[in-house]
Amino acid sequence: MAQHHRNKWHNYTEISSLIYNVDGEAGYVVSAIDNTNRGHEAKYWIDNFLHIIPRKNEYYNTQNLMAMCKNYVVKQLSNEFGVTKADQAEFLNRSAQYFKENDNFSINNFTNDVIAQPEIIESFKLFRQSYQEDHNVEILDEFSISSSAVKKQARSFKSVIKLDKNFHIYVHGDNQLIKRGYDEVTRMHYYQLFLKKKCSRNIDGSGYPW
């Protein structure tokens with residue numbers, strides 16, 4: 001079966017495939033793109049018509065691991081340990097930072113540096129096993145990190161706390177500077193933000209630091 005390969009050419013076409021005359025014994029390398037269809041139609045083009053699978057390289061490994069991390073934070077971490085949205089945001093920030101600062105991934109280094117807490121590390125490893133089975137992907141213990149995959153996946157690692165329809169809090173660092181509480185008088189939840197310095201800007205971009 002042919003292996004799917006990403007290329008900058010993807011940015012300039014709508015629906016096409018390019019077959020490279022390499023790795024013929026393994027099924028050839030193919031660049032494929034479909035910018036016109038979504039969901040079932042796109043799946044038909046890749047799976048049923050071209051019969052190609054993702055190429056298992058550093059891009060594949062990095063993309064799958066980062067996607068799994070986000071799934072763990074969003075679906076498992078809060079349910080199992082009752083962490084706040086601020087804690088979730090910090091976990092995503094630390095994960096993204098790890099991939100940006102390292103050339104190679106190691107599951108032991110990642111869990112020790114990013115997660116640290118033994119009970120959460122164990123939960124993360126169990127989630128990894130089930131994620132591989134559910135999504136039919138292989139997540140290696142060690143691999144070279146793809147900077148292009150990090151750049152793409154980091155866009156989905158938006159550390160945002162959404163408060164009703166009124167406010168969004170973008171978290172870029174220390175979650176200890178965010179406190180969540182409940183006001184008995186108004187019967188509403190609230191967040192406290194502790195700031196060392198803030199720059200106030202008007203809608204037109206003007207303004208002065210506080």
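User: Is Ala-116 buried, partly exposed or exposed?
Analyst: Ala-116 counts as partly exposed because its relative accessibility is 48%. Buried means under 20% relative accessible area, exposed over 50%, and partly exposed in between, with a 1.4 Å probe and protein chains only. This is a predicted model: local features need pLDDT of at least 70, side-chain atom pairs count only at pLDDT 80 or more, and totals for chains, interfaces and linings use all residues. Residues are numbered from 1 along each chain as its sequence is written, and side-chain values use heavy atoms, with hydrogens and water left out.

User: Where is Ala-116 found?
Analyst: Ala-116 is in the loop between α4 (107–115) and α5. Its phi is positive, about 75 degrees, although Ala-116 is not a glycine. Most residues other than glycine have a negative phi.

User: And what is phi of Asn-136?
Analyst: Phi of Asn-136 is near 55 degrees, again positive in a residue other than glycine. Asn-136 sits in the loop between α5 and β6 (142–144), and counts as exposed because its relative accessibility is 70%.

User: Back up a bit. How many helices and strands in the chain?
Analyst: The chain has 6 helices and 10 strands. These are DSSP runs numbered from the N terminus: helices are H or I with at least four residues, strands are E with at least two. Of the 210 residues in the chain, 32% are buried.

User: Helix packing next. At what angle do α2 and α5 cross?
Analyst: The axes of α2 (residues 58–81) and α5 (residues 118–135) cross at roughly 125 degrees and come within 10 Å. Axes are lines fitted to C-alpha atoms, for helices over the stretch in contact, and angles run from 0 to 180 degrees between N-to-C directions. That angle makes α2 oblique to α5. The cut-offs are under 35 degrees for roughly parallel, over 145 for roughly antiparallel, 65 to 115 for roughly perpendicular, and the rest oblique.

User: What classes of residue make that contact of α2 with α5?
Analyst: The α2 and α5 contact residues divide into 10 nonpolar, 4 polar and 3 charged. Ala, Val, Leu, Ile, Met, Phe, Trp, Tyr, Cys and Pro count as nonpolar, Asp, Glu, Lys and Arg as charged, and the others, Gly among them, as polar. Among them are Met-68 and Tyr-72 in α2, and Phe-124 and Phe-127 in α5. Contact means heavy atoms within 4.5 Å.

User: How is α2 placed against α6?
Analyst: The axes of α2 and α6 (residues 147–154) come within 8 Å and cross at roughly 30 degrees, which makes α2 roughly parallel to α6. By class, this contact has 6 nonpolar, 4 polar and 1 charged residues.

User: Which residues does Gln-153 touch?
Analyst: Gln-153, which lies in α6, touches Gln-63, Met-66 and Ala-67, leaving out residues up to four places away in sequence. Gln-153 counts as buried because its relative accessibility is 12%.

User: Last pair. What about α2 and α3?
Analyst: α2 and α3 (residues 85–101) pack at about 165 degrees with axes 10 Å apart, which makes α2 roughly antiparallel to α3. That contact has 9 nonpolar, 3 polar and 1 charged residues. Including Leu-65 and Val-73, residues of α2 meet Gln-88, Phe-91, Leu-92 and Phe-99 in α3.
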